[in-house]
Structures are given as C-alpha cells and as structure tokens.
Amino acid sequence: MDSKIVLDWFREITRIPRESGHEEQITAYLQQFAREHSLESHTDEAGNVVIIKPASKGCENRPVIVLQSHSDMVCEKNSGVEHDFSKDPINYVIEDGWMIARDTTLGADCGIGMAAQLAVLTGNEETGRIECLFTVSEETGLYGAKALKPGFITGGILINLDSEDEGELFVGCAGGVDTTAVFRYSEVPVPAGTKLARIKVSGGIGGHSGDDIDKGRANAVQLLARFLYSHPELRLCSIEGGNKRNAIAREAAASVAVPDADVESLKTAVMAFGTDLKSEYASSDPDICVEASVEEMPAGLQAIESGVASALVASLFAAPHGVLAMSMDIPGLVETSTNLASVKMPEKGVIRVGTSQRSSVDTERLAAGLKVEAAFRLAGAEVTHESEYPGWKPNMDSALLKVCEESYMRLFGKKPVVRAIHAGLECGLFLDTFPGLDMISFGPTLRGVHAPGERLDLASLDKFVALLEDVIVNIR
C-alpha cells in the first residue's frame, strides 16, 4: 500500500465538508465510493457507515478485521479568516515535510485515518475480510459510537486509526464528560459618563484538550476573566471566548463600560497585563497578546446586571482548568484534567459556559465534573452534565498488540512505545456494544489538532501506512 495513495485520498477528503453534526456530505461520499467500487456497505440511523472488503482468495478463514475512524472534524479558524466550513475546501500547503493548514484546522484528525481505510478498500493486499467503520460526531460527544447496534460490525479485532504519534501503540484512553454552566441575567442601563471598551485576549496556540492539556498553554477565557476580576470598576456588557469543548480557548473578548476618567488608566492596565502575559507564556504561547479599543457608548446599549456579572467573572477565574492529577501507575500520563472551553451569550439573558473533564479513572472523572459544578453553583449558575463516555482499560495480554509490536520491530528495527492516551477514543464505547473486541490504536504524527495550524508529518505517514499494511496482512 503506497502512502502517496493514502495522501491522495486525504486530499480528496479535505474538499468535502464534514463538521461534527453535519456529516451528510461525507456520508454520501462514502456511500457513493462503495457503489463505485462494488463493495457492500451499510448506513445506520445515526449516519455511521461500514464498507466491507471481502476476504482475499485463500484468506477466508482469517479473522475479520475492523478498521475504524470518525468521519467528522473539528472546525476552527483564526479570527478574521474568510472560510465557510459548510462549503469551502480546506486550504493547505506542503512545507518542510509537513502538510499544514495555516488558518484553519486541517482535519487530519481523523481524515487521514479515513484515507487509509479507502486505500485498504481499493488495495490488493491479501487479507481476511475487512470492515471499514466510519463513525459520526466523535468530536462533539462520540454520538456515532454511542448509537452503534450489535451486528453492525462482525469482526473481533478492531484497529482505531485516530492516534497522533507515530511509533506509539495506544492500548487505553481516558473517559470524559461535558459540564455546562448557565447564568441568567437582566439587562440594566449603562451608567452615564462612560465609554465602551472592547478588551481582547488573542494569539494563544490552543490545542487538543486531552493531548495538550499538560503543556501549560494559555486559556484565553480564564486570562480575560483574570483581568476583569482585577478591575471591578468595569461594567460588563458582553463576553465571548473559546469554541469547541475539546479545544483549549485561543481567543476571548469582552465589551465593558468604563468611566470617562478611567479610560487612560484602563489602556495602561491592559498594556501592562499584556506584558505580563508575554513573560508568563513566552515558551508556550509566544504570540499571546491583549488589546483594548475604546469608542463612544452606542445609544441604547445595556449592561449585564452587576451581581451576575461579578459572579460570572469570579467563577471563570476560579474554575479549575488544566491537569488535576497525574497517573501513579503510568509515568507521564495525565490521569485527570478539566478544560474551561468557552463562554458564550447565545441569546439575550443567557450566558453559557462550556467545560469538559477527562480521566482514566471513572470515579476521578465524576469528581472532576463535580468540582467544576461546585465552582459554578457557588456563583449561582445552573449546572448540567452530558455526553459522558467511558474510558478504555489497557489489556497488555492482547494478541493484536503482540502482532503490532512484532510488525513494528520487523519493519523499523526498534520497539514501539506502548501506552495509554489522555484523549478520548471511541474504543471504550465499542466494548459496551461489542464485548470481547481486541483493540489497538495507532496513526501518523499530527500536531496542533483542534486548532488552526494543524499539521501532518509526511515521513510519519509513510511509516504508519507500512505498519497498517503489515499488520492486516499478518493477522491470521
């Protein structure tokens, strides 16, 4: 199997809109692909697709292998960038051995896994029956995996293609839950003798709330709250920041009413705060910045009532964010974390705060969600939990793991790293519906996933494709 063919399939996938919850076009594409190649396929009510490649002649008695990826992608772009994810293809460049989307996400998570599946389905490798499973809405709550019914796949071996570090075989992952806090407020008149200031924190690198949560990256929502908490004289009119639950907030902004006499001191404070952040995040987020623009107060503008505004700002500043615990059993593995993902004003009178918690220990995941709940309930918010999914417990006696280790040694002359991942994979849910599955996850090296600038290491793609081919051929 040629990695250039896999890359060609991925180039085609980058032209197909597939934002989480809007996978209709990629689903139709997969269905058409199956028809054009005379392959059996099935689509369930959720939109999950399985495409089946019959066993090669003489391989009918080999185990059935399921190759799995998710068909949706995280759609993030830099502010000011003109890009409509519902219709525009992803713009990318090939540079210094990387495939890079500069101003948007690339969608290699998990588009490159999909491309590998299409290459297998059209390849001539001698294998047993291959079932390629494409699940929907993984990025927003693993809804496709949750909707799978017994019998949709028949294999007892599953290779998940949603990992991001070549040379590493993943045998476990964290479970997760989303926690939402809702503040309700009344509008009040803006005090006389004030100007409107817009304060913006931007330039954060962001990243994956699982893989990157331990890297100390700036959270723009919490930094904005830190500034606002230090300046209670400002009257909050609006606030918005962050986006997806599984992405670290890169940008956040607030509109505030500032007394005329305090305008210059506000500008000075913003400049000083920006200097502080440049120093604090020089290594992790070198482009972090804080800006303030001031204009005359628009007629009729209202402010958020002061009690709710103060409680909101205090809770955003106080809410836990980042690593909560490291594993005592696996060195370097984040065990439990929480991500303060977003704050939005979807309608008048409502402010919604989105967070997500992850842990490889179920009780710790529950505790992390309750900790976040407590912080926001103390501030008077309504709090709910949703989209909970289980972790995947490592099985170090896996027969599939042994095949993958042997293949890697044979191909590359060294042992792969075997570990668990703090990100959420669908494997834990698969075990709920298909007990007894022997599973593993591996992929090429991706960096910056869930953020603009996402990139794929092309040299690692060569090794990933070689490993996948060797593994599926040698499963007997």
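Me: A helix crossing counts as left-handed if the near helix is turned anticlockwise from the far one by less than a right angle, and as right-handed if the turn is clockwise. In which hand does α1 pass α11?

Reply: The model shown here is a predicted one. In it, the crossing of α1 past α11 is right-handed.

Me: What else describes two packed helices?

Reply: The angle between their axes and the distance between the axes describe such a pair. Here, helix α1 covers residues 3–13 and helix α11 covers residues 458–474; their axes come within 9 Å and cross at roughly 115°. The two helices, α1 and α11, are therefore roughly perpendicular to each other.

Me: What classes of residue make up the contact of α1 with α11?

Reply: Five of the residues are nonpolar, one is polar and one is charged.

Me: At what angle do the axes of helix α5 and helix α7 cross?

Reply: The axes of α5 (residues 220–229) and α7 (residues 306–318) cross at roughly 130° and come within 8 Å. That angle makes α5 oblique to α7. The hand of the α5 and α7 crossing is left-handed. From α5, the contact uses V221, Q222, A225, R226, L228 and Y229, while α7 supplies V313, A314, L316 and F317. Sorted by class, the contact of α5 with α7 holds eight nonpolar residues, one polar and one charged.

Me: How should I read the backbone, and where is a cis peptide bond found?

Reply: The omega angle is the value to inspect for a peptide bond, and about 5° is the value for the cis bond that joins D109 and C110. C110 belongs to helix α3, residues 108–122. The phi angle can also be examined: D96 is not a glycine, although its phi is positive, at about 50°. D96 sits in the loop between β4 (93–95) and β5 (98–100).

Me: Turning to open spaces, what volume does the largest pocket have, and which residues lie nearest its centre?

Reply: A pocket may be described by its volume and its lining. The volume of the largest pocket is about 530 Å³. Its lining comprises 26 residues, and D165, D211, D212, D214 and K215 are those nearest the centre. Strands β20 (417–421) and β22 (446–447) each give at least two residues to this lining, and β20 provides the largest share, three residues. By class, the lining of the largest pocket contains eleven nonpolar, five polar and ten charged residues.

Me: How many cavities of 30 Å³ or more are there?

Reply: A cavity, unlike a pocket, is a space from which a 1.4 Å probe cannot get out. By this rule there are two cavities of 30 Å³ or more. The largest cavity has a volume of about 50 Å³, and T14, I16, P17, R18, E19, M73, C75, F85, D88 and I90 line it. That lining divides into six nonpolar, one polar and three charged residues.

Me: Which residues line the second largest cavity?

Reply: The residues are E166, G167, E168, L169, Y408, F442, G443, F464 and L467. The space in the second largest cavity is about 40 Å³. Strand β8 (168–173) and helix α11 each contribute at least two residues to its lining. In class terms, the lining of the second largest cavity has five nonpolar, two polar and two charged residues.

Terms used:
Residues numbered from 1 in each chain as written. Predicted model: local features only at pLDDT ≥ 70, side-chain atom pairs only at ≥ 80, totals over all residues. Heavy atoms only, no water. Axes fitted to C-alpha atoms, helices over the stretch in contact; angles between N-to-C directions. Helix = DSSP H or I, 4+ residues; strand = E, 2+ residues; numbered from the N terminus. Parallel < 35°, antiparallel > 145°, perpendicular 65-115°, else oblique. Nonpolar A, V, L, I, M, F, W, Y, C, P; charged D, E, K, R; others polar. Contact = heavy atoms within 4.5 Å. 1 Å grid on protein atoms, 1.4 Å probe; cavity = no way out; pocket = protein on both sides within 12 Å on 5 of 7 lines; lining within 4 Å. Points joined across faces, edges and corners; volume = space filled by probe spheres on them.
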